[in-house]
Amino acid sequence: MKAVIKSSPGPGFTEVDVPVPEPGMSDVRIRVEAASICGTDIHLYDWNPWAAGRVVPPRIMGHEICGTIDAVGSSVTDQTVGTRVAVESHIVCRTCPECLRGEFHVCRNTSILGVDRDGGFAEYIVVPAVNTWPLWEDCDPAVGAAMEPVGNAVHATAVADLAGATVVVMGAGPIGCACCAIAKAKGAAFIVAIDRSPFRAGLAMTMGADASCILEPGTSMEDVLRNVLGEREVDGVLEMSGAAEAIQTAVHLVRPGGWVSMLGLGDEPVAVDFSADVVMRGVTLYGIVGRELFASWEETTRLVRTGAIRMTSLITDRLPFTGEAIDEAVRRLKKGTSGKIVLTREGVRHD
Ligand SMILES: [Zn+2]
Ligand SMILES: [Zn+2]
C-alpha cells in the first residue's frame, strides 16, 4: 500500500510502498477514507526539536483519521467489518495509576498515532479496537477525520460554565474556531477571537465569535483585545496558540477569579508573573491534553450532529489523498489561509 512516512531524521515526508499491516488479536484494521492535517504534522514535517527528540523514523505519519473497519483481530467481538469509525489517536496503557483512576488522557505511557507508532497517512492502519469511535450513518469521512481535533476544543471548553461568560479565544486555527462554536452553543455572552491571520480571524466569526481581531506585527495583543472588549471583563481565556505573548496576556487580561484553559504548545518556556497575575488574583490555569476518553467524543458527536459546530465551514480545503497533496497542505497551513484541511480518497465531499 501507499503510505506517507518520515523516512529519515530531517525535514519533509516521503511517499513509499509498504506492506498492508495485519491486525493483532485486539486490533482492528481500518481502510482509511479521510485524514486531516494538524499543526503537529507541521512540526513533524519541519522536524522541529520536539519531533527530533520523539520520532524514530521510518514512521507512517497522520493521526486524524476516518475510515471503515476492514478486518478485526481474533479477540475483538464488539466491532464489525464495514463500520465507519473515527480514531482516538492516543493509545493509553490502561494499567498506570492515571488510567486506573479513569484519567486516560493523562496516561503516562501514552503512545500517539503518527508519532510513536504508525499513523493514518496510508491506505490502511491498524489500531486497538478500543481506539475506534463508531460514526453515524452517512457521516462524511472528512468530518469523521476532523472530530479528533474538535475533541480537543470540546475538552478545552469543558473547564468552566460558559453560559453568560465573556471569553477570549487566542489562536483561531481549527481548534480555536471550534472553541468559538462551542462557546456560542454553551451560551457565552461575548466571544472574541484573535489571530495573526486575517483569514482565520474571519473564520472565527463564521464559526461563532462575536468579534475577532487581527494581531498585526509590532502591536500589543493586550491593547488590541482591550480595544475590542471595552468595559467587558474577561471571565475566561481559551489559549490555543502556545505563543509567549498570548500566555502572558491571558493571565494578565482575565478577571480576578477567572480561568485560562491552555492547549497551545510553544517551542520554549514562557515567563509569567505568577505572583501578581495568578496567585494574588486567584486565577485558575488548566492544562488541556488530548481528549477525555470518551466523554469528549460523546460531546463532540452531539455538537457536530446538532450542527452546533458547522464542520462544513471549519473544513475549508479538501485535497486528494497523495504525498504531493500533503506537501501542499503544509504550505497552505503555514500561510494561514485555510481552516481544517482534509485529504479524502476522492478529494471531494461525500455528503
Ligand atoms: Zn492533531
Ligand atoms: Zn496509562
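**Exercise 1.** Which residues of helix 8 (residues 244–253) are buried?

*Solution.* The model under study is predicted.
Step 1. A residue counts as buried when its relative accessible area is under 20%.
Step 2. Within helix 8, this holds for A246, I247, T249, A250, V251 and L253.

**Exercise 2.** Identify the protein donors of the zinc ion (ligand 1) and explain what C38 and H63 tie together.

*Solution.* Step 1. The donors are C38, through SG, H63, through NE2, and E64, through OE. They lie 2.1 to 2.3 Å from the zinc ion (ligand 1).
Step 1. Along the sequence, the spacing of these donor residues is C-x24-H-E.
Step 2. C38 belongs to the loop between strand 3 (27–36) and helix 1 (39–46), while H63 belongs to the loop between strand 4 (59–60) and strand 5 (64–72); the pair therefore ties together parts that are 25 residues apart in sequence.

**Exercise 3.** Describe the site of the zinc ion (ligand 2), giving its donors, its geometry and their spacing in sequence.

*Solution.* Step 1. Four SG atoms, those of C93, C96, C99 and C107, are the protein donors, and they lie 2.3 Å from the zinc ion (ligand 2).
Step 1. The angles among the 4 donor atoms run from 103 to 120°. Four donors count as tetrahedral if all angles lie between 85 and 135 degrees, and the site is accordingly tetrahedral.
Step 2. The donor residues follow the pattern C-x2-C-x2-C-x7-C.
Step 3. C93 is partly exposed, with a relative accessible area of 24%, whereas C96 is buried at 5%.

**Exercise 4.** How many disulfides does the structure hold?

*Solution.* Step 1. The number is 0.
Step 1. The nearest cysteine sulfur to that of C180 belongs to C177 and is 5.7 Å away. A disulfide requires two cysteine sulfur atoms within 2.5 Å, so C180 is in no disulfide.
Step 2. C180 is also buried, with a relative accessibility of 0%.

**Exercise 5.** State how the protein chain is divided into domains and describe the contact between them.

*Solution.* Step 1. Domain 1 consists of residues 2–148 + 292–344, and domain 2 of residues 152–287.
Step 1. From domain 1, 20 residues take part in the contact, and from domain 2, 17 residues.
Step 2. The C-alpha centres of the two domains are 27 Å apart.
Step 3. The size of an interface is often expressed as the accessible area lost when the parts come together. Here, about 1,500 Å² is buried between domain 1 and domain 2, and carbon and sulfur atoms give 65% of this area.

**Exercise 6.** Where does L135 lie, and which residues does it touch, not counting residues up to four places away in sequence?

*Solution.* Step 1. L135 is found in the loop between strand 10 (132–134) and helix 4 (141–156).
Step 1. L135 is buried, its relative accessible area being 12%.
Step 2. With residues up to four places away in sequence left out, L135 touches C66, R84, V85, A86, G144 and M147.

Notes: Residues are numbered from 1 along each chain as its sequence is written. Chains are lettered from A and ligands numbered from 1 in the order in which they are written. This is a predicted model: local features need pLDDT of at least 70, side-chain atom pairs count only at pLDDT 80 or more; totals for chains, interfaces and linings use all residues. Side-chain values use heavy atoms; hydrogens and water are left out. Donors are N, O and S atoms within 2.8 Å of the metal (3.2 Å for Na, K and Ca); water is not among the atoms, so sites may look incomplete. Helices (H or I, at least four residues) and strands (E, at least two) are DSSP runs, numbered from the N terminus. Buried means under 20% relative accessible area, exposed over 50%, partly exposed in between (1.4 Å probe, protein chains only). Four donors count as tetrahedral if all angles lie between 85 and 135 degrees; four count as square planar and six as octahedral if opposite donors are over 155 degrees apart and all others between 65 and 115; anything else is irregular. Domain bounds come from an automatic or database domain assignment. Contact means heavy atoms within 4.5 Å. Buried area is the accessible area (1.4 Å probe) that two parts lose on being put together, summed over both.
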